[in-house]
Amino acid sequence: MDIHRCRFVPYPASAINAVAFTHSSLAPSRKGHLQKKVPVRLAIGRANGDIEIWNPLGGVWHQELVMPGGKDRSVDGLVWVTDPDEEMADGKVIHGRSRLFSIGYTTTITEWDLEKARAKKHASGQHGDIWCLGVQPPAAEGASSATRKLVAGTVDGNLVLYSIEDGDLRFQKALIKTPSKKIKMVSIAFQSRNVVVVGCSDSTIRVYDIRNGTMLSQMTLGSDLSGGSSKNIIVWSVKCLPNGDIVSGDSTGQLCIWDGRTYTQAQRIQSHTQDILCLAISADGSRIVSGGMDRRTAMYEPAAGHTGRWSKIFHRRYHNHDVKAMASFEGNGMSIVVSGGPDASPVVLPLRAAGKEYHRTLPHLPQSANIQSASKARFLLSWWGNEIRIWELLNPARELLADAGVGAEIRKNRRLIAQLLVRGESNITSAAISVDGTLLVVSTVSEVKAFQLDCAGSAQPQLKKVDIAATAQGATKVEISPDTNWLSWVSEGSRIMMARVTTTESPNGITYEISRPFKLSRLWRQVPKHLLLGGLGSYDRNVTHMAFSPDSKMISVADLAGFIDTWILSGPGQQRNGINSEAEAEASASESSDEESEPTEGERWTRNPKASLIPKLASAPVVLSFSKTAVPHGQGDDDYLLLAITTLKQVLLFNPLHGSLADWSRRNTYAKLPEQLRITRDLVKGVVWQGQRAWIYGVSFLFMLDLSQDLAEPGSAAGVKKGQKPGSKRKRDGHESGAGGKMNKHALAPQQIKTAVEGPEGIRWVDVEMTDADDAKSIGASSEFDEEDDDDDETDGGELQRLREGVNGEDAAAPEKGSVTRRATWWHTYQYRPILGIVPLESTNQAALEPNGENGVTDGGLPPLEVALVERPTWEIDVAERYFADNERER
């Protein structure tokens, strides 16, 4: 494989402003069992208006959905409202319905529809911008009133109520109106169902009864005298412990504990050098976590032998910028805190296992790669926000490597040929480009747009809009078939739409015409009623992956629940692999709606008769892709090879026309997969094909699996990592809390750490105080990727060159001269990171890339493969100026 290592493709990461879990904790059910089937999700709100939905999956952390924002939008607060569970007559439990609300420093509250991946409702009132939002706790079991309300604090000192009864969202009334417009309601928390605690910008914490609007108490912090001037203290965050005590974090960097009965200050801890911006507490109130502008994350616990007193047990710097938001979750074997800030990367910290487990930094890049390629035209398409850029890679990578002046030529090998800003209020959800680079399709939540790229006779292509009939609705994902005859997209989260693309050639060039779209009917799936009525409803039927077969005669989609649907393109009376297309048409015609029915003339898309035989995946898919080559199946007929990879690292191959697992998957189970792939914590993002060799990549790794060969048996010499004894495996502890791996014994024991400092008297060694998380390697903290060098020596071709020559991936040593080597079954590297995506390219000079060309490279007898690998290093993230305390400096 020849790689163009591209770091010129921009992807501006956006700051994290809010995080929220559907549940703060999961208590055992009435029967004493943990509620393992409760749909727990994490919502992350960003400064560009995006909302991400993450599934913890016991520590796997899968980004399931991204709902893009829009122009001048920001998500600055998130709140989940989860109803109490209900028990049906047959004993089954309907888990409480979860609804997501957001604010963005405007006068509007927005409710989000996760099933359709877009905003559902907006509500606003006659008040100032909303700065904080809280939800009323549920009523006690057996209480007469079970309705709940949203309580919002505004910039002009108002406390307002919003009704969410019966699935609605509307402004109800202004509860409190402060006489001074200078007072800002900054933070909010509920002490009980009817008592709300509000942190303000005038050095006060106010307690209100929301039933009648009376103020129960006002707690004063005094004045901040830092810098020699008196000014008001801003209470950025307030939380309430289970015993009723109040915890506050303010602009002085102090954590304050308040007695919940007398509303008097019980303790003040100076734990930060700058503002405390966010707080989190454990479910039982035994741990407090704070994050601040000084990049510190601090943890507190009750002081031993001192009732009612707290002490800070440690602080670390897990973030490179402010710690702006955090939320905790405990249940299903997990006990973690998730924090975020301007550095764009969520950080997962162990809560109860603090000091016993490492933290984990989740990628700031999306799970679904925001890049595509027009392989024949050598175009690279990227998008973010409302902007699209198209680059051209001029020369093949192998020609550049053969050139003595390669260093000077690499920068000249790329050319920005088009830049497009999509009009409208909504950001781009997906984009696709045809393999020849002449058709571009872009989607938002409100519409689907198509453009023609005319590259003839001009260095810069001319963009012409192509009309699409009846596209009033937007899409979450779009795809163009390899032959550019079909355009498909996902509407409203789960509706599969298809439109025919007609190409007309004339003396003036090629023109495209896109027909009226029609709906492809998905298989009906048996989903229990109690699951549809509660939790997140039919959210898991959202289609996240779509793939055309290489010959454009089959399309496959997969949803979060793990269901796979397939359709076949056929004409009247035609047969493919013994399947009668007229019978297919009769099977699916009855399920097409009248207004979106498929044309009856010519080629038609009909459901694959064997689609119902394809088994449901055990977990959500992260990859769905067709192999570029067909495989023999049975008596002379060929079938497609459909690859599906799940969040649990299951690699499954299907023969979709026969509705069965491929023989390779039957022989090569999960236990046979390379240990390095199974223990990798990052999820797979995509795959690039080279014959039946699959190049699988994630944000921090690149794996190759040769699907034409069987993998080695577990424990065999071929399946053991270099330097590892046969039979020994690097296993994860099954009792991890959902953050990083277990620490080694005594990893946090006090150590004397010294550094060399040059002074007038020469070099001397001085003690180093508590180190930051970024310096963990210097004190012996380990990472599963530390052993790999980011600057691998590629002299004489390096590992990729040896792989081309057929050296097995399990044996990193070069083959002896004259020895016979078999083609590698697998190979991996951690050299490239963080990876935004990898897309294939085709060379205009294929003779230079033939397997037995002048360079003598065989590549194992496989067709040549050239790719563009896009990296987005964290140090290239644009962030605002950071705060540095005394004697600190940028490293």
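Residues count as buried under 20% relative accessible area, as exposed over 50%, and as partly exposed in between. The exercises below concern a predicted model.

**Exercise 1.** Classify Asp 168 and Arg 170, which form a salt bridge, as buried, partly exposed or exposed.

*Solution.* The closest N and O atoms of Asp 168 and Arg 170 are 3.2 Å apart. Asp 168 has a relative accessible area of 26%, so Asp 168 is partly exposed. For Arg 170 the value is 41%, and therefore Arg 170 is partly exposed.

**Exercise 2.** Determine which parts of the chain the salt bridge between Glu 357 and Lys 742 ties together.

*Solution.* The two side chains meet at 3.9 Å, N to O. Glu 357 belongs to the loop between β32 (347-350) and β33 (360-361), while Lys 742 belongs to the loop between β61 (702-706) and β62 (754-759); the pair therefore ties together parts 385 residues apart in sequence. As to accessibility, Glu 357 is buried at 3%, whereas Lys 742 is partly exposed at 36%.

**Exercise 3.** Carry out the analysis for Glu 713 and Lys 672, which form a salt bridge.

*Solution.* The closest N and O atoms lie 3.0 Å apart. Glu 713 is in the loop between β61 and β62, and Lys 672 is in the loop between α5 (663-667) and α6 (675-679), so parts 41 residues apart in sequence are tied together. Glu 713 is partly exposed, at 47%; Lys 672, at 15%, is buried.

**Exercise 4.** Describe the open sheet that contains β2.

*Solution.* Its 4 strands follow the order β2-β3-β4-β5 with antiparallel pairing. The edge strands are β2 (16-21) and β5 (62-67), each pairing on one side only. Strand β2 pairs with β3 (residues 42-46) over 5 bridges.

Terms used. Residues are numbered from 1 along each chain as its sequence is written. This is a predicted model: local features need pLDDT of at least 70, side-chain atom pairs count only at pLDDT 80 or more; totals for chains, interfaces and linings use all residues. Side-chain values use heavy atoms; hydrogens and water are left out. Two strands pair if DSSP finds at least two bridges between them. Helices (H or I, at least four residues) and strands (E, at least two) are DSSP runs, numbered from the N terminus. A salt bridge is a side-chain nitrogen of Lys or Arg within 4 Å of a carboxyl oxygen of Asp or Glu. Buried means under 20% relative accessible area, exposed over 50%, partly exposed in between (1.4 Å probe, protein chains only).
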